[in-house]
Amino acid sequence: MATILGIESSCDETAAAVVVDGRDVRSNIVASQVDLHRKYGGVVPEIASRAHIENMDAVVAEAMEVAKVSRCDIDAIAVTQNPGLIGSLLIGVTCAKTLAWYWNKPLLAVDHVLAHVYSPAIDGGPDVWPAIAMVVSGGHTSLYRVDDFETVERLGQTTDDAAGEAFDKVATILNLPYPGGPEIDRLAKRGDAKAVSFPRSMLGRESLDFSFSGLKTAVLYHVNGPGKTSGGLEKLTEQQIADIAASFQEAVVDVLVRKTLRALDRTGYANVALSGGVAANSRLRAKMQEACAERGASFFAAKIAYCQDNAAMIAALGEHLFRQGQTVTLELDASAR
Ligand code: KG4
Ligand code: ZN
């Protein structure tokens with residue numbers, strides 16, 4: 001049984017967690033910077049790294065305190081090494097290296113996207129694999145074939161915007177606050193998903209890739225008129241805006257579900273694992289669950305707390321690497337890609 005301290009700082013959340021055995025989450029502390037970035041309508045890298053510096057020590061201390069552990073109880077330290085904003089990643093990596101050196105503990109380098117992929121297993125355990133894993137976040141929209149976590153093969157990815165990026169950009173078109181995903185999710189509950197028939201880009205019959213930029217442009221022109229980028233929102237009623245949000249969300253969810261089913265067909269797998277910030281979307285969870293049930297496939301969604309960026313998933317995948325003996329040296333460097 002290994003107790004891992006996880007540290008995450010790849011984007012705009014400063015996070016630390018203590019996880020035992022890859023599944024028992026003793027603490028999961030996230031200091032969100034959303035309020036700092038909201039007025040800019042997106043993450044400002046310089047502000048993010050400064051906030052990580054200011055928050056990191058307290059977040060790690062709180063994770064240890066809530067978990068009721070001291071440094072003697074920690075077997076290894078896992079940190080997000082890539083991908084992300086380089087200035088942000090460096091703060092977490094420097095903190096983890098310093099603690100690993102000072103406490104004399106092994107260090108584990110974790111890939112942020114693979115940690116999202118792994119996150120449904122925090123609650124689902126080993127039964128999740130083998131699975132088709134979908135990661136939908138602000139930076140990524142990818143499908144993977146995961147055997148036992150020794151073999152992880154990417155089957156498809158977005159060719160332009162990530163699903164979360166599309167949610168955030170459409171929220172901006174509808175003048176909703178950042179981050180837009182949760183706002184659209186909430187507004188869509190009052191809207192009619194069949195009100196507007198937005199395009200579903202499938203990229204051909206065989207493709208497992210995604211494209212959301214055409215959909216975003218379709219929403220823009222629907223709101224403002226063909227070829228126009230502003231001036232239309234004021235003319236819409238609240239109900240019409242809710243209808244647009246619901247119809248847009250339905251188009252995204254439709255594509256995500258259909259491609260996941262396509263991947264199940266292609267591989268013959270029987271499990272689906274859903275993760276990433278957009279996996280918190282209520283319509284996506286419901287529709288994926290429904291589609292899997294119809295197929296006789298088992299559906300494992302990451303718990304809502306492990307959908308957004310967090311360090312529990314970093315510690316959980318870190319524990320897997322620890323068991324494989326995949327520790328790294330203090331030469332470790334952050335990587336944006
Ligand atoms: O995984 P995450 O926290 O950060 C990245 O690694 O990107 O994902 C953040 C993204 C944002 O684009 C946000 O708008 C989206 O996840 N998101 C949602 C919901 N909650 C967060 N999108 C749709 N519906 C939601 N309920
Ligand atoms: Zn993420």
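Along the chain, the donors of the zinc ion (ligand 2) follow the spacing H-x3-H-x192-D; donors are N, O and S atoms within 2.8 Å of the metal (3.2 Å for Na, K and Ca), and water is not among the atoms, so sites may look incomplete. This is a predicted model, where local features need pLDDT of at least 70, side-chain atom pairs count only at pLDDT 80 or more, and totals for chains, interfaces and linings use all residues. Residues are numbered from 1 along each chain as its sequence is written, ligands are numbered from 1 in the order in which they are written, and side-chain values use heavy atoms, without hydrogens and water.

**The zinc site**

- His112 (NE2), His116 (NE2) and Asp309 (OD) coordinate the zinc ion (ligand 2) at 2.1 to 2.2 Å.
- His112 sits in helix α4 (residues 112–118) and Asp309 in the loop between β10 (298–301) and α11 (312–323), so this pair, 197 residues apart, links distant parts of the chain; helices (H or I, at least four residues) and strands (E, at least two) are DSSP runs, numbered from the N terminus.
- Both His112 and Asp309 are buried, meaning under 20% relative accessible area (1.4 Å probe, protein chains only).

**Around ligand 1**

- A polar backbone atom of Gly138 is 2.8 Å from an oxygen atom of ligand 1, and a polar side-chain atom of Asn281 lies 3.0 Å from a nitrogen atom of ligand 1.

Key: Buried < 20%, exposed > 50% of the residue type's maximum accessible area, 1.4 Å probe, protein only. Polar contact = N/O pair within 3.5 Å; in protein donor to acceptor, adjacent residues only side chain to side chain.
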